[in-house]
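Hi everyone, thanks for coming.

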Amino acid sequence: MKLGRITRSALTIIALTISGTISAFSVPKSNDPAQPEGSRDSIVLNFRFEKSLIDSSFLSNKQALARIDSVLSHSDPALIDSIVIYGYSSPDGPYDANWRVAGERAESVKKYIISHFRNIDESCIYTYNMGEDIAGLRNMVAVDNNMPGRDNVIMLIDSGMTGDTLEDRIDGAGQGGIRYIVLNMSRFLRSSVIYVIYTAPGQKPADGATGLQPQELGPADQADQTTAEPAGEQPAATKDAVFLQPASVDPGFSATKIGKRRFPFMGLKTNLLYYPILMPNIEAEYYIGRRWSANVEYQIAWWQFPHHDRFYQVQTGGPEFRYWLRPDGQFTGHYFGVYGTVGLYDLKNGEKGYMSNSLWSTGISWGYLLPLNGRLSLEFGLALGYMHTSYDEYVRNYDLGKHYDYLYTSKTSYFGPTKVKIGLVFRTGQKGKR
């Protein structure tokens with residue numbers, strides 16, 4: 001990485017760091033390039049989960065916006081060389097969605113500046129999509145003694161993992177690391193960074209000359225681009241301008257998107273506990289948004305033993321709607337749901353047989369999905385509910401051969417456990433945002 005020298009007589013650089021990573025936790029800014037004294041002001045401006053709207057009531061955003069207003073309202077627009085804005089997301093959640101919202105946050109700040117400071121030339125404002133703030137996460141983990149498995153999380157980050165791979169490994173290590181990050185750190189990593197670069201007083205930059213010539217980073221970019229350098233020869237007032245990296249990004253961090261994230265789209269499953277009772281079964285689950293899913297199941301056991309006058313015939317199936325506790329769209333860990341089931345049966349293993357007229361059940365469910373690798377998972381589940389059935393009882397009339405005589409109709413209702421599951425799950429992934 002190459003940094004140009006800073007010519008103090010030519011530039012005054014005010015860096016408005018809109019990032020909770022450094023300011024909120026007072027993490028030392030290691031690896032920051034040298035700066036003139038007093039050239040940086042740290043201001044915290046954070047975003048709500050999945051949002052790019054600037055909310056003045058969130059955390060310390062009100063004070064941050066006041067500081068931005070103070071700086072830009074008292075700046076001579078003729079002396080502003082460029083304004084560079086960075087957008088970040090927290091590492092939890094689908095990579096593609098994080099990438100998108102990070103860019104939207106940078107654009108949101110740009111629109112805010114344009115709409116509130118009409119004397120600022122829009123052409124001098126540049127935006128960068130920096131994606132997930134992995135380096136900022138590392139800084140916060142390093143100073144938080146309460147972080148579960150802190151040393152292991154730091155080791156995983158330092159290994160160079162990013163995106164889904166990093167999140168899955170932290171989650172797979174157990175100890176509640178991901179949950180702790182979501183609850184205690186993520187809101188500070190959903191941020192933006194502004195740099196206002198000035199020419200020296202009395203020196204207006206030549207037409208088209210800026211101290212920074214950034215280009216929008218997109219998902220397809222594959223080169224390391226954590227700094228931008230001036231392109232070509234420029235006037236003395238600006239040629240030595242340098243972009244100072246955001247406080248939460250160390251020089252070894254690449255803002256490049258490394259592959260698109262694959263997140264769960266659909267799961268095909270089977271309940272292993274049904275096979276000992278000779279009941280093949282299949283389930284399909286479709287994932288909706290980040291926390292909801294719809295599951296459909298079907299079981300069948302259609303066995304006849306006419307020589308022994310025995311019947312074991314059961315068909316059941318129905319939908320289930322689930323809410324997952326993890327907010328990141330990975331659909332692992334705990335979930336709660338509601339279900340409904342209908343079916344029919346014909347059972348006989350003695351003198352009497354029982355043939356259904358109706359069978360239905362409804363209730364609530366709980367489950368836990370444990371990832372095994374990228375595709376396979378184990379699902380554990382229980383359901384509690386109400387079940388009702390109406391059935392005809394019958395006996396065989398041996399005088400008439402295979403004829404069966406109807407006896408009477410009965411009804412039975414039940415409240416209690418209705419399902420138990422240890423399921424094998426195969427999940428498919430889809431690139432991009434659902």
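Is the crossing of α4 and α5 left-handed or right-handed? It is left-handed, a word used when the near helix is turned anticlockwise from the far one by less than a right angle.

A quick note before we go on: this is a predicted model, where local features need pLDDT of at least 70, side-chain atom pairs count only at pLDDT 80 or more, and totals for chains, interfaces and linings use all residues. Residues are numbered from 1 along each chain as its sequence is written, and side-chain values use heavy atoms, leaving out hydrogens and water.

Back to our helices, which are DSSP runs of H or I with at least four residues, while strands are runs of E with at least two. The axes of α4 (residues 134-143) and α5 (residues 150-158) come within 10 Å and cross at roughly 155°. That makes α4 roughly antiparallel to α5, a label for angles over 145 degrees. In contact (heavy atoms within 4.5 Å) are residues including Leu 137 and Val 141 of α4 and Val 153 and Ile 157 of α5.

Now for the spaces. On a 1 Å grid over the protein atoms alone, a cavity is a set of points where a 1.4 Å probe fits but cannot get out; a pocket is an open set with protein on both sides within 12 Å along at least five of seven lines; and lining residues have an atom within 4 Å of a point. A volume is the space filled by probe spheres set on the points.

The second largest pocket has about 490 Å³. Of its 21 lining residues, Val 314, Thr 316, Leu 359, Met 387 and Thr 418 are the closest to the centre. Strand β13 gives the most to this lining, with five residues.

As for cavities, there are six of 30 Å³ or more. The largest cavity holds about 110 Å³. Among its 16 lining residues, Glu 320, Gly 381, Leu 382, Lys 419 and Lys 421 are the closest to the centre.

Definitions and conventions: Axes fitted to C-alpha atoms, helices over the stretch in contact; angles between N-to-C directions. Parallel < 35°, antiparallel > 145°, perpendicular 65-115°, else oblique.
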